[in-house]
Each structure stands twice: as structure tokens, then as C-alpha cells.
Amino acid sequence: MLQAIVIGGGVTGAGILRDLALRGIKAALVEQGDLVHGTSSRYHGLLHSGGRYAVKDPESARECAEENRIVRQIAPFAVEPCGGLFVRLEQDDPAYARQWVTACRDAGIPVEEVDVDRLRREEPLLSESVREAYTVPDASVDGWRLVQGNVAAAEALGARVLTYRRVVGLLMDGPRVVGVRLRNLATGEEERLEAEMVINAAGAWAGQIAAMASVPLSVVADRGVLLVYHGRLTSRVVNRLRKPGNGDIFVPAGSVTLLGTTATPVPDPDNIEVPASEVQELKRLGAEMLPLAAHARVLRAFAGVRPLYGSRSAGNTRELSRTFVVIDHKAEHGIDGLVSIVGGKLTTYRLMAERVVDVAAAHLGVTAPCRTAVEPILPPPDPTALSRVVHVVGTERARAVADRHPAMLPAVAEAMEQPGGAQVVCECEQVTAGELVATARSLTNPSLGDLRRRTRLGMGTCQGGFCGYRAALILAREGIISPDRVPDLVARFQAERWRGVRGGLGGLELRAAELNYALARSQLAMVPLQGSAGDGAAARGALKAGGVADD
């Protein structure tokens, strides 16, 4: 029998699984969708320096400062060390800036003032109203790569991962949790999985899991809307130097720039609709730092849900702490075999995992110490495989391929060497046919959404309008899917891409959306859902794809 079951396939759950495996605890992870389909993939991609929380939440700031350094060391394949800036605009309070500098230094965050004239030469799109600027060690982090690396490391040590399994109940033996009841979303069948300990790392859904054991867990689902701009508007992360609020951070990530975020408590963590009013608010506030943000091309708008620990009656969710809490339900509620973790952020995922596994390990009688802060998540890329990829696509693109597939580079190299394997399927993200084929063969019944999370397919300018068709046809040509699955596969992918596109339609975005819409109508006979957001042509934003959107 398993010693532990982890509920939740986001970055916290993946970190917990790796920590358990390193301590020799036999464990499995269950996730209701694909890995990283929830909050860990619906955020701005920032590896926090801690500067954002230095004044209001110094405990979170210190946690971020330390974990930022650790994540860079153990997972370099997932981090782009672009650096960060905090800029004070003319209308912002200079007294707060002085308070912030002191708070950063107290929290151990390296901060250095930058000459504003020099900064304008380095970041020419910044507003002329910038009056002060400071550097901090912010970075951009790829949530999928981080989760993929943790899971691959855990699986190499014997851990199991079960995706597309929704927890529908907890197995109880009196006042003790002894496992989970699962619904296999691929087959519809119910499954049982038993273990000595269940660790609830379900994020915004953690309260629902706890309720299955009849114990209270106060989790506030805090929706945040973000915009994805075409191209890199800045070379570094740019934060506004004022009390944290809406529309005050730009994060360059790969070939795009993200602007975030809003904060709205919602009753349902599955509520990830994007209100048009919040899109316009983000553009207006973002333009105060980068004027181009008012009219630059927005590729998509999306929302994620932060799992904050506290009461919804607290009012403004920005007043709730961003730190995390571990709840031992035996000590708190008399329910043995269940531990929950809520709150926190991606930057502190490793520390969160360490703390909750410490509690679980004590219940299991395991004394092995945590090693996740010193053990690299994955070894360096296989040098022979890397050289083979270099031979096919050149040094620069080979490094990007290695970063996307750190755990399966040999298989990717083999697929890329096959006829047509070096063909670029997604020009925006430079995804090759070989990458797609190797990745698809590592999965069971893959969707294009599964491939998007692993390769960035469809995350660039066309938002899947062209590369989605190519990818599906390649999978059929290689015998990975049957040809009759192609229309449905593409339709679901397009429906998911449309869901994000419609939130930011206007100008260039509208023209590109109309082109993709015309292709979908002509190739797949897709039709608009009734009552879609927006008016006129923009109402075509959601497409009926003959099934559920491919998340």
C-alpha cells in the first residue's frame, strides 16, 4: 500500500511528491486535469525577489528572497534570470519608496538604485514620469518546466502520477482518512487508492477536499486577470513602486510580456471568466508605466485563482497574507491521516512542500531529512543528445529545446533526426515536429492542450490559428492519433485559444481573431456560441467545438 497520496498536480503538489520520494516515502499524486492546468499555469510567471511584499508582508518577503536563490540553483532549466526593476512614477508617494528600500534590506533582498537617465536608455518604453528606479533579483520562471522537472525526478525514484482523475470522495475508517475515491475522466470509471496519509495540496480547491472529511478549511478563491502582449515590451520585470495593486507589474516571458494583475474574490475556483472591465483597467494602469501598453497588441487575456488562507469577509483580498499555512487535521480537528497546505505562491513552492512533508513524515514515522534545497531537480542535459539537436537546428535553438524537454532530450533528439523532424510547426515558439512527436508519444491519448503545456505550441502570435492544424495532422501522419480524431482535436484546441483571445479583442487583435475565426469556420464548420462576451464581430470569440474546450 502507498504511504502517501498527494492531491493536486500544480507546483506545490509536484514539489511535495519529489520531497516524499527523496525521503524514501512511497507516494502517488492525483490530479483532476493535466499537470499544471490550474493556478500554477495561470499566473504572471514571476519568480519573486520578495520586493512586492517587503512593506506589507515581511514574512512572505523573506520567504521569497530565500527561495528565489534556491530555485535558481536547483532548477536553472526553468528560470530566465532577466532581473527586475521597481520604478516610482511622479504621482507615486516618495515616502513609500524610502520605506520600501528599508524593508527590502531588512528582509535580505538585494536592492540597488539605478540612474533614471541610464534606465531610459536601457528600457526606452518606460514612461517619462519615472522618478526613481531600483534593481531587485526578480526573474521569469516557467511553471510547466518546474512542475515537469519535479515530477520527472519523483518518478525516477518510484513515485506515481495519475492525471485526469478527479477526487470525488475520501476513504474513511472512522475518524481516519485512508485513501481517496477517484473518477477517471477518460473512462468515467470510479477508482480507489489507499494510503496511510493524504496530503491536500489542491490549491483553490483545497477547501472542497477538506469538506469531504467534514473539516473546515478557510480558502479564499481570489481571481486575478492578466494580459499577454505580443513581443517583449521590457527586457526585465518591471514593478510599480507603490503599495501593491492592480496593473502594476510587467513580466517578460519567452516571446511575450505579461501584465498583471487584478484581485477579485470569487465563490467558485472554476470561475476563470475575464470581465471586459478588468481588461480595460489593466491596460489603463499598465500604460501609466509603459504608455505602449494602451494600444500594443494583446494576444490573449486570462485569469487564474489564487488560493489565499483566510476569510472572505476580510474585504480587500490584497490585505490577506501571501504566506502559507500547514494544517494538521489530527491536531486541529481529530481527523487522522489528512494534512492540508494552503496559501503561498509558486516562488515558495519548495519551502511549502518541505513544511507539509515534515508533518506527514512525522505521522508516518519517517525521520529522513528534507534534501530538496540542495539536490538539483534534474541533471544537466544529456551532452550527446544536446549535440545531436545542435546538429539539426543549431546551437541557439538547441538550448531552447533542451530547456523545454530537460528530462526527455534523447527521445526528442531521435525524433528530430527523422525525416521532417526539424520542420518548424509553430513559428512563434519555434516548436519542431520532432518535439511534438516525441512529447506526444510519451503521453496517453494526448490533446493539443497537453502538448501546448509541454512545448508552448500555440502560445505565440497566431494563438494556435495555424500551428494547431499542422500539429494535429503530424500526429495523425505519425500514427499517434487516428485521422478521424483530427477535427475534434483541433476544434477543442481552438475553443480554448478563443476563450482567452476574446477578452482582449480590438484593433490588431480583432483582425487576427477574424482570420482565425474564418479558418475555423471554413475548415471545421465551427460556429459561435450564443451569448458570447462582447458585441458585433467580437461576439464570435467563443466557438462551439463539438465538446469541452481543451484546457
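A pocket is an open set of grid points with protein on both sides within 12 Å along at least five of seven lines, and its lining residues have an atom within 4 Å of a point. In this structure, which is a predicted model, the largest pocket has a volume of about 1600 Å³. Its lining is made up of 48 residues, and those nearest its centre are Gly33, Asp34, Tyr164, Asp450 and Arg453. By class, the lining of the largest pocket holds 19 nonpolar, 14 polar and 15 charged residues. The elements that each supply at least two residues of this lining are α5, β10 (165-172), β18 (298-309), α14 and α16 (486-501). The most comes from α5, which gives 5 residues.

Tyr164, one of the residues nearest the centre of the largest pocket, sits in the loop between β9 (160-162) and β10. Its phi is positive, about 55°, although Tyr164 is not a glycine. Tyr164 has a relative accessibility of 28% and therefore counts as partly exposed. A positive phi also occurs at Asn445, where the value is near 55° in a residue other than glycine. Asn445 is found in the loop between α13 and α14. With a relative accessibility of 53%, Asn445 counts as exposed.

Rolling a probe the size of a water molecule over the atoms shows where empty space is left. The model has 3 cavities of 30 Å³ or more. The second largest cavity has a volume of about 60 Å³. Its lining consists of Gly51, Arg52, Phe86, Tyr96, Trp100, Asn239, Arg240, Leu241, Arg242, Pro244 and Asp248. Both α3 (94-106) and β14 (237-240) supply at least two residues of that lining. Of the residues lining the second largest cavity, 5 are nonpolar, 2 polar and 4 charged.

Helix α11 shows how a helix can be covered by its surroundings. In α11, which spans residues 395-404, the buried residues are Ala398, Val401, Ala402 and Arg404. Seen down the axis of α11, these buried residues fall within an arc of 160°, so they line one face of the helix. An α-helix has 3.6 residues a turn, so residues three or four places apart point the same way. Among the elements that cover the buried residues of α11 are α5 (143-156), α10, α12 (409-416), β22 (431-432), α13 (433-441) and α14 (448-455).

The loop between α9 (349-364) and α10 (383-393) contains Ala368. This residue has a relative accessible area of 26%, so Ala368 is partly exposed. The C-alpha atoms of Ala368 and Arg23 are separated by 5.4 Å, while the two residues are 345 residues apart along the chain. Another loop, between β16 (256-260) and β17 (264-266), contains Thr261. Gly260 and Thr261 are joined by a cis peptide bond, with omega about -20°.

The cysteines remain. A disulfide is a covalent bond between the sulfur atoms of two cysteines. The number of disulfides in the model is 0. Cys82 is in no disulfide, and the nearest cysteine sulfur, that of Cys64, is 15 Å away. A pair counts as a disulfide when the sulfur atoms are within 2.5 Å. Cys82 is buried, with a relative accessible area of 15%, whereas Cys428 is partly exposed at 28%.

Methods
Residues numbered from 1 in each chain as written. Predicted model: local features only at pLDDT ≥ 70, side-chain atom pairs only at ≥ 80, totals over all residues. Heavy atoms only, no water. 1 Å grid on protein atoms, 1.4 Å probe; cavity = no way out; pocket = protein on both sides within 12 Å on 5 of 7 lines; lining within 4 Å. Points joined across faces, edges and corners; volume = space filled by probe spheres on them. Helix = DSSP H or I, 4+ residues; strand = E, 2+ residues; numbered from the N terminus. Nonpolar A, V, L, I, M, F, W, Y, C, P; charged D, E, K, R; others polar. Buried < 20%, exposed > 50% of the residue type's maximum accessible area, 1.4 Å probe, protein only. Arc of directions from axis to C-beta. Contact = heavy atoms within 4.5 Å.
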